[in-house]
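Here is my note on the model you sent. Please read the points with the coordinates open.

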Amino acid sequence: INQDTTVIKVDKFLHKTEQTLEDVLKKLPGIKVEVDGSIKAHGKAIDKLLIDGDDLFDKNYKILSKNLDAKVLDEVQILDNFEENPILKNLSNSDKVALNIKFKKGYSNIWFGNTSLGLGTKNRSKQSLNLGLLRKKIKFFYFGDYNNIGEKSTNLITGNQESIDFSDFNGRIEKKTKMLFKINSNENTQFNTTQSLFNKALLNSISVSSKITDKIKLRAVGYYLNDKQNQNSSALTEYNIDPNPIIFSESNTYRNTKTLASTELELKLLATKKSYFTNYFSYQNNPEKVFDDLVFNQNIINQDLKNKNESFYNHLQNTYSIAENKILTNYFYFGNNKINQNATIKSDLLNNYLDNDLNQNVLQEVNNKLTYFGYKTTLIIKKNHLE
């Protein structure tokens, strides 16, 4: 332990069976990996997962933790009181925590990577490819994966949500429109996903971090993810109420195809010792097709849904040191999110309720668009222990 940094040499905690960075983190003291893949260190959700001090995937660090080859790791550093903004770091006390990954010697200034192939019964398979380059001025990573063992790829990308914590000076305000119609997959929670979920998942991600000059950093990320899920289920429920038990029968066929294409660009500029700029831009296209064929007590319900979901956001922030104990932050944000939904429903019960022909389809179209922009300014004054 050196001030705010706890250094863990990973070799002391491993059993040589670990495949990914996530497998390693699960073995280390002070670090916890949640069921959804999110990471906590010293009891707090981490703010960043860094590679040799550089951020490559921002909030979507699960792409890195679930795919980076465990063999390249030398040490993991827990960074308490973490603050990426150099102006804020000199004044404000941060309660954030981050992880910094250090590689073994021999992985600098060379291309490195690995590929793996796994085959199982019932045509189950998993193939992955990692490729990386670590240099002083540029870092590059490519991760590719295909599997049909129940590991969804689109779950690795963090969805945008509105930030309401105004004490977080680097927090981004991202709003999204609401989907009005949804078809539930009714996934069986009694089994592990690898036992109950039949899913073809494809993942491609490229991330580049470049130190253009001593004062300018650029980060660029591109994702393409696709999940195709087929799920068949049946259930018989009986309530043993004398003298007439109540019985419900259900047979369900569910198909889902979800695609996520996304890009992020982030530019960081230390203009002067007193002024720091960041500009973050993201674009996401997330179409989805869902089909559900349900037979409930002999009643047939067909649902067909097509979703188009597109969004882009831009965040510009300037942090300026007015005096030794005063900082001014100015934050401009802009966002656009639009959803188009087309649903077709065929149901005897619904048609009876609406006095329709029994074979009639019920159509629903939703167009929902949200455009917003705003400005937030914050003045921080620190005197003794008062902030």
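Predicted model: local features only at pLDDT ≥ 70, side-chain atom pairs only at ≥ 80, totals over all residues.

1. Residues are numbered from 1 along each chain as its sequence is written, and side-chain values use heavy atoms, with hydrogens and water left out.

2. An open sheet is built from five strands in the order E1-E7-E8-E5-E6, and its pairing is mixed. Its edge strands, each pairing on one side only, are E1 (5-9) and E6 (54-55). Strands here are DSSP runs of E with at least two residues, and helices are runs of H or I with at least four, numbered from the N terminus. Two strands count as paired if DSSP finds at least two bridges between them.

3. Within that order, E5 (residues 49-51) and E8 (residues 97-103) are parallel and share three bridges. Leucine 50 has asparagine 100 in E8 as its bridge partner.

4. Another open sheet has three strands, ordered E2-E3-E4 with antiparallel pairing. E2 runs antiparallel to E3 (residues 39-41), with three bridges joining them; in E3, isoleucine 39 is the bridge partner of valine 33.

5. E9 (residues 111-119) and E10 (residues 125-134) run antiparallel and are joined by nine bridges. Glycine 113 is partnered by leucine 131 in E10. The hairpin of E9 and E10 has five residues between the strands, and lysine 122 in this hairpin takes a positive phi near 55 degrees.

6. E10 is also joined to E11 by nine bridges, with the two strands antiparallel. The hairpin connecting E10 to E11 passes through three residues. Opposite leucine 134 stands lysine 139 in E11.

7. Serine 153 counts as buried because its relative accessibility is 3%; buried means under 20% relative accessible area, exposed over 50%, and partly exposed in between (1.4 Å probe, protein chains only).

8. E14 (residues 246-270) and E15 (residues 275-285) pair in the antiparallel sense over 10 bridges, and a hairpin of four residues joins E14 to E15. Leucine 265 has its bridge partner, phenylalanine 281, in E15. E15 is also antiparallel to E17 (residues 299-323), through 11 bridges. In E17, glutamate 310 stands opposite asparagine 285.

9. Leu269, Phe277, Leu316, Phe332 and Tyr375 make a nonpolar surface patch of about 420 Å². Patches are made of residues with over 30% relative accessible area and no salt bridge, with like charges joined within 9 Å and nonpolar side chains (Val, Leu, Ile, Met, Phe, Trp, Tyr) within 5 Å. A salt bridge is a side-chain nitrogen of Lys or Arg within 4 Å of a carboxyl oxygen of Asp or Glu. Areas come from the Shrake-Rupley method with a 1.4 Å probe.

10. Phenylalanine 332 is placed in E18 (residues 326-347).
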